[in-house]
Each structure stands twice: as structure tokens, then as C-alpha cells.
Amino acid sequence: MRNKLIIIGIILVLTLSLIGCQGEQITKSDNTSRQLSQLSDIADKRVGVNTGTIYDGFVAKKYPQAKISRYDSTADMAVAIKTDKIDVAMMDLVTAKVLVKNNKDMGILSDDVWDMPLAVGFNKNNPALREKFNSFLKKARADGTYDEIYKRWFVNDPEKAVMPIFNSNLKGKRVVLAVTVADLPYVALINGKYVGFDVELIQKFAAQEGYNLEIIDMNFASLIAALVSGKVDMISDGITITEERSKQIDFSDIYLEGGTAVIALKKNLTKYEGQTDETAAAASFSGRVSDSFHNNLIVEDRYSLIVNGLKVTAIISLLSVIFGTLLGALVCLMRMAKNRVLK
């Protein structure tokens with residue numbers, strides 16, 4: 001009986017070993033199949049795009065075998081890549097560079113997908129506003145205003161850019177701008193304020209024309225519908241000019257030529273194959289720590305919560321000492337009193 005149990009045990013160990021080897025081979029084969037060296041490698045991969053953007057149609061037309069996943073923000077796509085829900089993400093080139101800088105475990109597969117003309121959208125029933133913006137844009141390019149704004153958000157580090165302060169003309173004509181708060185350098189919401197290239201450019205326009213500019217946030221896919229319905233007067237957030245969109249809205253003159261990039265995890269990019277697993281793990285860990293520190297304390301301004309918490313703690317401690325001393329002195333005096341009740 002004992003011999004039979006020993007034999008059965010040996011068979012089980014060998015079976016599990018074989019299964020483990022096969023699983024390892026499958027994993028290695030799967031990792032190999034995910035290796036990306038050029039843009040065409042995404043043809044049968046899981047590709048993430050922002051909902052309602054031109055990238056959706058581009059991927060569907062050029063790579064019909066690819067599986068497209070749509071996300072409302074770049075941050076959601078970054079999480080999807082890290083959690084293995086998608087293989088790559090397609091987005092604006094400058095946005096991709098900022099994302100890769102803050103996520104050390106990601107890299108750019110290609111930064112030469114195609115260039116896109118970007119413009120501000122206007123309601124077809126308000127050509128006067130569009131013409132005023134075009135005049136402003138032409139003048140801004142001529143007097144250096146445009147170059148100054150461009151340098152702040154595209155040449156220098158957009159995360160360190162200081163947004164100029166614009167005072168709204170409350171008595172001026174109300175103009176509503178709809179944007180999608182997604183990422184720098186176009187539009188972002190930091191410390192409760194809208195910032196970015198598009199925001200500064202349009203705020204500068206509104207200030208010069210004396211408009212009372214109101215900025216509202218909505219999903220990218222809802223921008224054109226809001227403009228067509230008359231809910232807003234302008235839309236902007238790195239919006240690409242397309243023939244189909246031009247049938248519904250009027251575009252301003254081109255204010256920027258945007259590039260496109262595809263990003264993925266470094267471990268899936270052949271250009272990073274020389275990086276060892278230990279090095280990649282260390283870089284990933286240090287990157288996560290750095291990203292967490294930067295995003296929580298710097299970008300989201302949460303250090304102010306810590307400072308405010310320390311202030312409240314100091315005040316409570318001081319008041320505790322004062323009231324504790326007074327209460328202790330009162331009790332001491334009562335115990336020393338000759339009156340029996342007080343004592």
C-alpha cells in the first residue's frame with residue numbers, strides 16, 4: 001500500500017512539473033507574440049483610443065483586425081495598459097511624451113503615425129465669432145503672442161508651466177467654451193483652474209475682445225453635439241479638422257499641427273529588450289513611487305492638505321495645553337479650598 005502511494009505521488013509531481021513547463025512555454029510564447037518593433041505590429045493587437053476622437057476611425061479603417069477599446073481619458077488608457085486590458089494606446093504625440101515621462105514602465109512605439117490639423121470649433125450660426133477669432137489668431141502670430149504661448153506649453157515642460165491670470169469682463173458678452181479635461185498640454189484642470197495651450201489661447205482672445213468667457217467641461221464625444229445644439233459657443237481640446245465634422249460645425253483657421261504616437265509597456269517593445277527583468281522591475285517600482293509622489297503632492301496639490309492638517313493639529317495641541325492647564329489649575333484650587341463642597 002505504501003509503495004502504491006509513493007508511486008502515485010511521483011506521478012503527480014511529474015504531471016505538475018510538465019504542466020508548469022508547458023505553462024511557462026505558453027507564457028514565453030505569449031510574451032514573444034506581444035513584442036512590438038514597428039507600427040504595423042499593432043494590426044492584430046488590442047488598441048486603446050479616446051472616445052469620439054479621430055483615432056477611433058483611423059484604427060478601424062487601417063487595422064480592421066485590431067480590437068479597439070474606447071476610454072474617456074488618457075489616464076484610463078494608461079491604467080488599461082498597465083493592467084493588461086490593452087496592448088497599445090494611440091494618442092496625441094505631446095500628450096504621449098508627458099505620459100511616458102511620468103510612467104517609467106511605458107515607452108513610445110512610434111511617434112510618426114500621422115500629422116493632424118487642429119482648430120477651434122464654432123457654431124455655423126455664429127460666423128462673426130469665428131471671424132473675430134481668426135483675426136486674433138493672425139495678429140497673435142504676427143506680434144509674437146502665439147509663439148510665447150506655444151513655447152510655454154510645447155517647448156518647455158507643460159507640467160511646470162505657469163498659467164497667466166486673466167480677469168474676466170463680467171459686463172462683457174457671455175461666451176461659453178466647452179472643453180474636455182483630459183491632459184496637458186491642451187486642457188487640464190489643476191487646483192480647480194483650467195490650464196493648457198487651448199485654454200490660454202482662447203482666454204487671451206476673450207480678454208482682448210472683452211468677452212465674459214465661461215468654460216465648462218464635458219466628454220469629448222459630446223462636444224460637437226453641444227456646439228450644434230447651441231448650448232456652447234466654442235469647443236476646443238486638440239480637435240482635428242475632418243470632412244465629416246466640417247459638415248456640422250465651422251472650424252477656425254488651423255492653430256496647430258498635431259502629431260500622433262502609439263505607446264505600450266516597455267517590456268513589450270523590442271527597443272527595450274536589453275533591459276533585464278530586475279532592472280525593469282526596479283525602474284517600474286521607482287517609477288511608481290516617483291509618479292505617486294509627483295501626482296499626489298505636486299500635480300494635485302495635496303501637499304496643501306498635509307500643511308493644513310499640521311496647522312489644525314498644532315492649533316488643537318496648543319488649545320489642549322491651554323485648557324488643560326486652566327482646568328488643572330481650577331481643580332487644584334478647588335482641592336485646596338477650605339469649602340468642603342469645592343474640596
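**Overall build**

Me: What share of the 343 residues in the protein is buried?
Reply: The structure is a predicted model, in which local features need pLDDT of at least 70 and side-chain atom pairs count only at pLDDT 80 or more, while totals for chains, interfaces and linings use all residues. Residues are numbered from 1 along each chain as its sequence is written, and side-chain values use heavy atoms, with hydrogens and water left out. A residue is called buried under 20% relative accessible area, exposed over 50% and partly exposed in between, using a 1.4 Å probe and protein chains only. Of the 343 residues in the protein, the buried share is 40%.

Me: How many helices and strands does the protein have?
Reply: Both are DSSP runs numbered from the N terminus: helices are H or I with at least four residues, and strands are E with at least two. By that rule, the protein has 14 strands, and its helices number eleven.

**The sheet that holds β1**

Me: In what order do the five strands of the sheet with β2 and β4 stand?
Reply: Two strands pair if DSSP finds at least two bridges between them. β1 and β2 (residues 67-71) are parallel and share five bridges, whereas β3 and β14, also joined by five bridges, run antiparallel. The sheet is open and its pairing is mixed, with the order β2-β1-β3-β14-β4.

Me: Which strands are at the edges of this sheet?
Reply: An edge strand here pairs on one side only. That description applies to two strands, β2 and β4 (106-110).

Me: At what angle to β3 does α2 run?
Reply: Axes are lines fitted to C-alpha atoms, for helices over the stretch in contact, and angles run from 0 to 180 degrees between N-to-C directions. Contact means heavy atoms within 4.5 Å. Helix α2 lies across β1, β2, β3 and β14, and its angle to β3 is about 130 degrees.

Me: Is threonine 260 buried or exposed?
Reply: Threonine 260 belongs to strand β14 (residues 260-265). Beyond its neighbours within four places in sequence, its contacts include Tyr55, Met90, Asp111 and Trp114. With a relative accessible area of 1%, threonine 260 is buried.

Me: Which residue in β11 is the bridge partner of phenylalanine 122?
Reply: Strands β6 (residues 121-122) and β11 (residues 234-235) are antiparallel and pair over two bridges. In β11, phenylalanine 122 has as its bridge partner methionine 234.

**The cavity**

Me: How much space lies in the largest cavity?
Reply: On a 1 Å grid over the protein atoms alone, a cavity is a set of points where a 1.4 Å probe fits but cannot get out, and lining residues have an atom within 4 Å of a point. Grid points are joined across faces, edges and corners, and a volume is the space filled by probe spheres set on the points. The whole structure has one cavity of 30 Å³ or more. The space in the largest cavity is about 270 Å³.

Me: Which of the 21 lining residues are the closest to its centre?
Reply: Elements that each supply at least two residues of this lining are α2 (54-62), β3 (88-92) and β5 (116-118). Of the 21 lining residues, the closest to the centre of the largest cavity are Asn50, Thr53, Tyr55, Asp237 and Gly238.

Key: 1 Å grid on protein atoms, 1.4 Å probe; cavity = no way out; pocket = protein on both sides within 12 Å on 5 of 7 lines; lining within 4 Å.
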